[in-house]
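Me: I'd like to learn how to read a protein model feature by feature. Could you walk me through this one?

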Amino acid sequence: MELNEIIKPENLVYAKPKLMNDNPMHYCPGCSHGVIHKLIAEVIADLGLEEKTIGISPVGCAVFAYNYLDIDWVEAAHGRAPAIASAIKRLNPDKMVFTYQGDGDLAAIGTAETIHAANRGENIVIIFVNNAIYGMTGGQMAPTTLEGMPTATCPYGRNIALNGYPLKISDLLAQLEGTCLVTRQSVQTPAAVRKAKRTLTKAFQNAMAGKGTSVVEFVSTCSSGWKMTPEKANKWMEENMFPFYPLGDLKNNE
């Protein structure tokens, strides 16, 4: 029997998304970014938005998204992606515009841009990858770092008295009139990936329908920054991140 007779299209359960380039992934083993990239590529193709989508990538690990997804990209200064996305969407209302940001970018230097874009109800999608650490620059404490969680700049753990509380910025964004969908998802299991894709699809549909700002937070791992194996990082995330950043919709205006 020929190989092409065994592997038939109707039997195919997995394939590389057509919008993903052939560039080898540079992300660390176990990193959530690669899976999230795949979901974005699939959703864009499923919705037929290949020629209409513009991504905004700022500084941090998130910046390299342009290297893997074959769509139009604009690189923004650190934290400014929502402002750039607002301008692009207003000038091109027929385009699908999204930002792809880490927690240090979105919830620290980009706090103002994020809050005000969402409060205005810009018809964009904000994709927020929250691994509670600055992954690219050496593993420093981020606004989302958990209490007691060690990082390069708080080696004995985050001290609330000294460093303040972890910032649940998605909870804050859910209170704004301009947001139509604010949700937390993850990609550590097949079931979680499937759910995340459905939610991301809804977010993209909201943007194209002019319903306001959709925020999709991905609670994720940073094996290198956390100094854990990918397997242990997933377990640590489930035991520590999920209780503080519970998964599910914070706001969903159907």
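Reply: Let's start with burial: a residue is buried under 20% relative accessible area, exposed over 50%, and partly exposed in between, using a 1.4 Å probe and protein chains only. By that cut-off, 49% of the 254 residues of the protein are buried. Keep in mind that this is a predicted model, where local features need pLDDT of at least 70 and side-chain atom pairs count only at pLDDT 80 or more, while totals for chains, interfaces and linings use all residues. Residues are numbered from 1 along each chain as its sequence is written, and side-chain values use heavy atoms, with hydrogens and water left out.

Me: How many helices and strands are there in the protein?

Reply: Helices (H or I, at least four residues) and strands (E, at least two) are DSSP runs, numbered from the N terminus. Here you get 10 helices and 7 strands. The radius of gyration is 18 Å, close to the 18 Å that the globule rule gives for 254 residues, so the protein is as compact as a globular protein of that length. That radius is taken over C-alpha atoms, and the rule is 2.2 Å times the number of residues to the power 0.38. Along its principal axes, the C-alpha trace spans about 65 × 45 × 30 Å.

Me: What share of the contacts joins residues at least 24 apart?

Reply: Contact means heavy atoms within 4.5 Å. Among contacts between residues at least 6 apart in sequence, 68% join residues at least 24 apart. Take Ile36, which sits in helix H2. At 0% relative accessibility, Ile36 is buried. Leaving out residues up to four places away in sequence, Ile36 touches Tyr100, Ile127, Val129, Val187 and Phe218. The C-alpha atoms of Ile36 and Val129 are separated by 8.9 Å, with the two residues 93 apart along the chain.

Me: And what does Asp70 touch?

Reply: Apart from residues up to four places away in sequence, Asp70 touches Leu19 and Asn21. Asp70 lies in the loop between strand S1 (53-57) and strand S2 (72-75), and at 49% relative accessibility it is partly exposed. From Asp70 to Glu254, 184 residues along the chain, the C-alpha atoms are separated by 31 Å.

Me: How do I check a helix, and what covers the buried residues of H8?

Reply: For length, the expected span is 1.5 Å times one less than the number of residues. H8 has 19 residues and reaches 27 Å from its first C-alpha to its last, close to the 27 Å expected. Its buried residues include Ala196, Thr199, Leu200 and Phe204. The cover over the buried residues of H8 includes helix H2 (33-46), helix H3 (81-91), strand S3 (96-102), S4, strand S5 (179-185) and S6. Zoom in on Thr199: it is buried, at 11% relative accessible area, and it is in contact with Leu181, Thr183 and Gln185, leaving aside neighbours within four places in sequence. After H8 comes Gly210, with a positive phi near 70 degrees.

Me: Where is the kink in H10 centred?

Reply: The bend at a residue is the angle between axes fitted to the seven residues ending there and the seven starting there. In H10 there is a kink of about 35 degrees, centred on Met237. The 15 residues of H10 (230-244) should span 21 Å, and the end C-alpha atoms are 20 Å apart, which agrees. Met237 is also one of the buried residues of H10, along with Ala233, Met241 and Phe242. Strand S4 (125-130), strand S6 (213-219) and helix H9 (223-226) are among the elements covering them.

Me: Is Ala132, with its positive phi, buried or exposed?

Reply: Ala132 is buried, at 0% relative accessibility. Its phi is about 65 degrees although it is not a glycine, and it sits in the loop between S4 and helix H6 (160-163). Lys227 also has a positive phi, near 60 degrees, but this residue is exposed at 71% relative accessible area. You'll find Lys227 in the loop between H9 and H10.

Me: Last one: how many disulfides does the structure hold?

Reply: A disulfide is a covalent bond between the sulfur atoms of two cysteines. The cut-off used is a pair of cysteine sulfur atoms within 2.5 Å. The structure holds 0 disulfides. For Cys61, the closest cysteine sulfur is in Cys31, 6.3 Å away, too far for a bond. Cys61 is partly exposed at 23% relative accessible area, whereas Cys180 is buried at 2%.
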